[in-house]
Amino acid sequence: MMDALDIFATAGLWAAVLRIATPLIFGTLGALVCERAGVLNLGIEGIMTFGAMVGWLTVYHGGDLWLGLAAAALAGAAFGLLHALLTVPLGLSQHVTGLGITLFASSLSYYIFRLVVPVSGTPPTIEPFQPLRIPYLSDLPFLGEAVFAQTAPTYVAILLAFLIALALQKTPLGLAVRIVGENPHAAEAQGIDPIRVRIASVVFGSALMALGGAFLTLAAFNSFFPTMVQGRGWVCIALVVFASWRPERALLGALLFALFDAYQLRLSHVVGKAVPYQVFLMIPYLLSIAALLVMARRARVPQALMQPFRRGER
Amino acid sequence: AEKLKVAGIHASPVENAWNSRLHEALLAAAKDGVIEYTFSEGVSGTDYPRAMREYAEAGNKLIVGESYAVETEARQVAADYPGTAFLMGSSGGPAGDNFGTFGTWNHEAAYLAGMLAGPMSKTGTFGTVGAIPIPEVNILINAFRAGVKETRPDAKFLVGFIGTFFDPPKARESGLAQIDAGADILFGERIGTADAAKEKGIKSIGSLIDYTPRYPETVFANAMWYFRPILDAAIKDTQAGAKTGKDYSPFSYMKEGGNDIVFTESMVIADTIPAMQAKREAIKAGTFTVPVDPSEPT
Amino acid sequence: MSARALELNGITKRFGALVANDDVTLTLGQGELLALLGENGAGKTTLMNILFGHYTADSGSVAAFGRTLPPGKPRAAIEAGIGMVHQHFALAANLSVIENVIAGTERLGALALNKRAARVKLAALSERFGLTVDPDARVGDLSVGERQRVEILKSLYRDARVLILDEPTAVLTHQEAERLYRTLRGMAEQGLSIIFISHKLHEVLAAADRVVVLRGGKVVAERKAGDTNREELAELMVGRRVARPHRDAQTPGAVALKADRVSVMSGGASLLSDVSFEVRAGETLGVIGVSGNGQSTLGRLVSGLVSPSSGSLDLFGHPVAQFSPRGFVEMGVGRIPEDRNADGAIGEMTIWENAVLERIGEKRFSSGGLVRRGPARAFAAEIIRRFDVRGGGPDTATRLLSGGNMQKLILGRNLITAPKILVAAQPTRGLDEGAVAAVHAEILAARRAGTAVLLISEDLDEVVALADRVQAIVKGRLSPPIPVSDADPRRLGLMMAGAWDEAA
Amino acid sequence: MRLERRAHVPLSLAIAAPIGAVVAALILAGLLIALAGVPVFEAYRRMLIGAFGSRLSISETLTRTTPLILTGLAAAVAFRSRVWNIGAEGQFYLGALATAALGSKLGLHLAPLVEIPILMLAGALAGALLLLVPLGLRLKFGVDEVVTTLLLNFVAVLFVSMMIEGPLKDPLAFGWPQSVPILADMALPKLLPRSRLHIGLLVAIGLALVLYFIQSRTRFGLEARAAGLNPQAARFAGVPIGSILVRVALISGGLAGLAGAIEVLGVKGYVTTDLSPGFGYTGVVVAMLAGLNPIGVIVAALFVATMFVGADGMSRAMGVPSFIADVIVALSLLTMLVALLLANYRVRR
Ligand SMILES: Nc1ncnc2c1ncn2[C@@H]1O[C@H](COP(=O)(O)OP(=O)(O)OP(=O)(O)O)[C@@H](O)[C@H]1O
Ligand SMILES: Nc1ncnc2c1ncn2[C@@H]1O[C@H](COP(=O)(O)OP(=O)(O)OP(=O)(O)O)[C@@H](O)[C@H]1O
Ligand SMILES: [Mg+2]
Ligand SMILES: [Mg+2]
């Protein structure tokens with residue numbers, strides 16, 4: 001039998017980490033993009049659920065897996081648009097609207113799923129994404145199995161983290177998003193329309209969230225069922241904070257969280273129940289709160305987060 | 001005879017393996033013209049007692065479901081509606097005249113599956129993924145282990161509990177974790193386990209339902225559980241006006257047709273089949289009793 | 001006349017029932033330096049916001065260099081060569097200078113920001129107009145003057161040919177202001193057309209080519225800077241000759257308020273250092289200073305909101321042990337906060353609630369934890385009557401009051417109880433001349449009744465009119481007092497610049 | 001398009017807006033019901049029956065209303081002072097756990113008349129303490145409480161899970177993760193025999209009235225409102241913001257904790273991790289629907305409970321997926337938010 005430390009030497013652990021992290025990476029990046037533009041999107045849990053449902057349904061009805069992802073992204077974008085319209089031009093309180101969107105999107109996805117998929121004895125399944133073998137890399141001794149035996153969306157998620165980090169720092173659009181999140185009045189004075197930028201960011205971010213959900217039904221598993229997102233959306237909200245609103249750190253945070261989860265699953269085989277598994281699951285939340293504590297002092301929070309911008313009002 | 005009005009209340013969606021066994025048996029009974037069946041699913045603990053009361057008030061004579069999460073309240077409801085029979089999957093015992101219970105006893109089939117599995121493993125390590133360490137789950141896993149031990153005395157076992165009844169991705173992750181830890185045969189008390197086995201190209205065993213059609217290359221045996229005998233017994237008692245406040249679990253026994261093994265001959269080691277079949281007959285004949293061990297496997 | 005840079009035609013803008021701009025027509029010639037004048041609330045900022053596209057006018061049109069601008073599109077204004085420096089800075093504190101400058105200047109679809117080229121251009125502009133600032137500094141770390149420069153650079157960077165500055169000197173020292181006007185002059189000579197807004201008439205007369213006066217949203221006059229004077233402009237702004245009341249000589253009584261070497265620290269920064277002063281009953285001490293030098297902190301200190309980190313503050317000869325707003329109110333300190341919207345009143349609450357909030361602990365307004373609404377309403381009604389608060393009764397939401405009336409409410413709730421000490425911070429900020437006269441009369445009446453008044457104000461005329469003695473606050477330090485009879489503009493200017501010895 | 005705040009909201013609009021919102025939500029949900037191939041009006045009729053058609057349904061609706069009033073009040077009280085307590089769910093669970101632990105055979109063993117109030121207080125205290133953490137972080141370090149209260153929900157539920165699988169696990173529950181049960185005589189008296197309806201409902205309604213009185217008549221109510229509306233001005237006026245907000249948090253967290261306590265004492269008897277079908281989150285919905293008014297909270301809680309129980313019954317009767325109940329509540333919230341905005345603002349161009 002191995003001991004608690006040997007677990008880290010198994011390639012399976014690291015493969016699991018990447019797999020568990022993927023929906024979190026998508027979701028966290030999505031929430032992060034919204035928040036960098038100044039909009040808190042607590043609709044994430046519902047949007048992920050809806051994405052999981054739509055993505056799965058598309059494939060179940062004969063669609064290609066990539067089409068399933070696209071459909072999920074589109075559905076996420078639609079809910080993002082709803083959240084954005086309510087919170088940006090109308091300026092409704094972001095957290096309450098977000099909770100409403102979560103309630104709405106998740107109950108609606110269960111409802112639609114039940115209407116469209118007839119009740120059957122066992123959950124209907126689809127053929128999910130298979131691990132994508134990358135020439136040479138996948139044949140590497142340890143790394144091949146640990147890192148390069150993932151499904152395509154996992155690679156996409158990791159790539160996205162870096163792309164979004166680059167885009168935020170290095171492109172005019174990214175700068176526009178940041179300035180809107182810091183001070184929409186400053187943005188407006190520079191000829192940037194804060195309302196449009198916010199709406200676009202929320203729509204884009206929500207599409208990413210939905211991709212995170214779709215990963216659950218199209219890659220991590222092969223069927224949809226109610227409550228399957230299991231609070232992952234809230235974890236993402238925590239991770240954004242933990243990452244101090246930086247995409248590359250969001251990636252790191254998601255991986256760290258996944259490591260806790262994957263390790264915890266394996267640890268129980270080794271040491272039994274010495275440490276309650278709940279402790280591991282709590283750590284990411286507590287770490288995020290601790291991170292907030294440090295962050296609040298440094299004022300790295302997007303300054304206009306949760307502040308509605310109404311044109312011509314002061 | 002007049003059709004009996006029966007309601008099913010499923011705490012999980014009816015896709016959940018366990019619920020699907022009840023659901024299918026009830027649907028079949030309805031198709032046979034014995035009962036009239038209505039149901040609701042995904043009923044949370046908070047809503048469950050209300051659903052029971054509603055169905056009782058709507059004139060259902062037999063209400064089938066599960067009281068695991070609402071043992072106290074469910075018995076209270078039954079006491080409030082003496083004219084309705086309740087047949088509940090439960091870890092506790094029956095109560096009053098009208099609160100009957102049953103356990104999910106497919107441990108006999110699991111024992112047989114274990115016998116087939118024993119020699120198939122290269123590593124000698126067997127994983128099991130369970131929901132929560134409650135007696136029914138424990139009995140099942142322990143019976144499987146006992147079956148393995150019979151053909152593979154040096155076997156090592158891993159066990160994972162996912163802490164919930166329906167979270168296939170989590171069951172899958174747990175299965176993968178066990179494979180990482182050396183298991184090359186998985187006993188999947190929970191749906192999702194076989195997905196892990198399939199992904200890693202090892203073999204697995206299903207429980208409750210027949211997983212082989214879904215995972216033809218992976219699942220070589222299933223410890224089937226059939227609800228129909230229990231249901232039929234309860235229907236008979238209800239129609240006869242007899243006391244239904246009793247334990248219907250014995251109708252899960254193999255000799256009653258309540259559980260059995262289903263396996264794919266081409267996937268197992270041929271020499272092991274005769275011994276297993278002999279054991280099966282012994283169980284049916286009552287000459288061999290599969291040990292019932294409700295303690296938490298470690 | 002030179003070619004037209006801007007033409008505003010028949011601009012009308014309403015906010016609810018209020019007409020902020022009423023059929024305003026205005027032109028700006030190329031290379032011209034135009035001053036826009038008007039009392040607070042005259043609609044100057046609104047007009048500029050319409051011009052820049054922040055607000056959409058209800059009617060009227062804006063044309064730049066002969067081309068009509070689409071309404072409500074700042075981007076179009078920017079593209080037409082208009083740059084605006086806002087009354088309240090529009091900067092993102094967490095971004096760097098260069099990021100603030102180049103945001104929105106490049107195509108949003110572009111794949112990369114061209115920071116290197118931007119840096120070169122910014123350096124050239126800084127050089128040419130003498131506006132130096134570190135392009136990589138975080139804006140939040142800059143001083144007010146530096147932020148002002150960033151604001152101007154933002155416009156210049158976009159090749160603005162028309163520059164609008166809304167009260168650019170409000171936060172600058174006299175020297176900084178003079179430097180700014182020199183820069184603006186230079187810019188105008190290089191062909192830029194400039195509109196600036198200011199309340200400081202001497203600046204206007206010195207810097208502008210032409211002056212346009214707005215009153216009640218209408219253009220009421222237009223003058224060449226050389227053809228007018230302060231008195232005329234003041235009268236044009238208010239619409240009538242306003243006589244401010246005069247202070248009578250009076251012998252002060254005992255020391256009511258005394259600060260002895262008080263320092264206030266916050267987050268490692270020293271906001272006040274070694275501040276000493278005293279105010280006697282029946283006397284007014286004026287504290288002048290440019291904003292950002294600690295006036296706010298001083299006001300907050302004597303309002304019981306912040307406590308000293310060293311030194312002591314005596315009220316009626318006893319050092320204050322516990323600094324709390326209610327404690328100060330109970331000891332008879334009336335407090336007029338400088339920012340009436342932020343500190344003075346809660347818009348969503350009724351007038352009576354605002355009237356009694358700071359003394360809700362008194363027996364007459366609450367007992368046993370319950371609010372006594374009757375007496376509270378009566379108190380509010382009394383304030384409304386005696387201080388002529390117009391626009392509603394005790395149960396009206398306070399936000400519905402105009403700024404001046406809100407100020408009267410705040411003044412009233414302090415003066416109606418005959419305070420022994422009155423702390424008045426910028427008491428007439430945001431008031432029209434009529435209201436200013438009324439407030440001055442009330443403050444003088446309180447002094448006459450034996451109240452010790454601490455007047456903190458940026459308005460030199462106000463200080464000269466009300467105070468017996470004057471001290472200046474500069475970088476958190478207080479100058480020695482001088483009698484107001486010795487205060488002439490030059491001397492006050494030197495004091496405010498920190499040159500106390502020269503002023504003495 | 002621009003929104004401009006109305007100086008006065010006409011009474012007719014103030015009444016019409018919420019009604020319009022509910023109607024709009026029902027119409028939208030009607031489309032979804034129609035998708036299920038079910039006659040919409042019949043479905044709504046069934047929903048009404050499901051909620052009010054029998055002694056059972058009325059008692060069930062009111063049973064469901066009880067915790068929602070309390071969590072609704074918890075949100076309303078906090079939101080009115082701009083304390084964004086999204087953590088009622090976690091506070092609910094801690095309240096429930098404290099009550100179950102102290103009320104069980106491991107606990108106090110006092111006379112029921114003495115112990116039941118103590119148990120309620122203990123539940124309230126547990127909830128209150130949980131909210132004090134994020135509030136303290138906000139007051140001391142300026143950490144925004146929206147995210148911290150949200151995150152603490154998960155910590156709280158995991159903690160409860162840990163306890164009921166650990167030291168507080170019921171040894172007689174056949175391995176099921178549930179807490180030790182309260183002693184039988186600690187159960188709250190029923191309001192109706194043969195039903196789940198218990199006197200907790202009266203406690204909740206009573207507290208709503210008390211809270212209404214506190215908010216509208218007391219000095220604390222006035223100061224708490226001032227602190228919420230404009231903390232800076234309130235501080236200038238000498239309102240001790242810190243201690244006021246601490247008291248607000250104690251009340252808010254306490255109410256949410258009490259909701260958990262009452263659910264244990266009145267209905268369930270022990271704690272599981274599915275004790276609450278999102279009562280804490282739904283409390284936010286209730287509070288918003290009520291416009292943060294305590295009396296309104298009673299009505300809004302009744303409305304939400306009606307929708308849940310009614311739609312649940314309707315789904316059984318008509319074969320519409322039961323998830324429609326949540327859909328209707330969510331739609332009501334969203335339409336209500338918009339309606340309230342439109343009542344307070346005027347749309348211009
Ligand atoms: N967004 C707005 N909503 C409602 N009223 C407004 C708005 N903006 C300005 N006002 C009102 O319009 C009037 C003109 O305001 P404006 O800011 O243009 O005055 P101003 O001349 O710039 O004054 P100041 O010298 O104080 O800057 C004021 O009464 C002001 O309260
Ligand atoms: N909490 C603080 N921490 C650090 N610096 C501060 C703090 N508060 C104020 N300052 C700085 O200290 C100086 C004096 O502040 P204070 O607010 O008293 O000045 P002021 O004259 O009222 O200025 P203003 O009119 O701009 O508010 C300013 O430069 C201000 O930016
Ligand atoms: Mg202005
Ligand atoms: Mg200040």
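**Exercise 1. Find where R50(B) and D312(D) pair, and decide whether the two are buried or exposed.**

Step 1. R50(B) and D312(D) form a salt bridge, with the closest N and O atoms 3.1 Å apart. A salt bridge here is a side-chain nitrogen of Lys or Arg within 4 Å of a carboxyl oxygen of Asp or Glu. Side chains of opposite charge can pair when their charged atoms come close.

Step 2. Helices (H or I, at least four residues) and strands (E, at least two) are DSSP runs, numbered from the N terminus.

Step 3. Buried means under 20% relative accessible area, exposed over 50%, and partly exposed in between (1.4 Å probe, protein chains only).

A note on the model. It is predicted, so local features need pLDDT of at least 70 and side-chain atom pairs count only at pLDDT 80 or more, while totals for chains, interfaces and linings use all residues. Residues are numbered from 1 along each chain as its sequence is written, chains are lettered from A and ligands numbered from 1 in the order in which they are written, and side-chain values use heavy atoms, with hydrogens and water left out.

**Exercise 2. Locate the salt bridge of E173(B) with R19(A).**

Step 1. The closest N and O atoms of E173(B) and R19(A) are 2.8 Å apart.

Step 2. E173(B) lies in helix α6 (residues 168-180) of chain B, and R19(A) in helix α1 (residues 11-36) of chain A.

Step 3. E173(B) counts as buried at 8% relative accessibility. R19(A) does too, at 10%.

**Exercise 3. Describe the interface of chain A and chain D.**

Step 1. Count residues. The contact (heavy atoms within 4.5 Å) takes 44 residues from chain A and 46 residues from chain D. Among the five pairs of chains that touch, A and D have the most contacts.

Step 2. Take the area. About 4100 Å² is buried, and carbon and sulfur atoms give 85% of it. Buried area is the accessible area (1.4 Å probe) that two parts lose on being put together, summed over both. In chain A, V96(A), Y111(A) and I289(A) lose the most area to chain D, together 15% of what that side buries.

Step 3. Look for polar contacts. Three residue pairs qualify (both at pLDDT 80 or more). A polar contact is a pair of N or O atoms within 3.5 Å; within protein, one must be able to donate a hydrogen and the other to accept it, and residues adjacent in sequence count only if both atoms are side-chain atoms.

Step 4. Name the elements. α3 (65-87), α4 (94-116), α10 (232-242) and α12 (277-298) of chain A each give two or more residues to the side that touches chain D. The largest share, 14 residues, comes from α4(A).

**Exercise 4. Describe the interface of chain A and chain C.**

Step 1. The contact takes 25 residues from chain A and 28 residues from chain C.

Step 2. The two chains bury about 2200 Å² between them, 58% of it on carbon and sulfur atoms. In chain A, P172(A), L175(A) and Q190(A) lose the most area to chain C, together 29% of what that side buries.

Step 3. One salt bridge is counted between these chains. R178(A) pairs with E99(C), the closest N and O atoms being 2.9 Å apart.

Step 4. α7(A) gives the most to the side of chain A that touches chain C, with seven residues.
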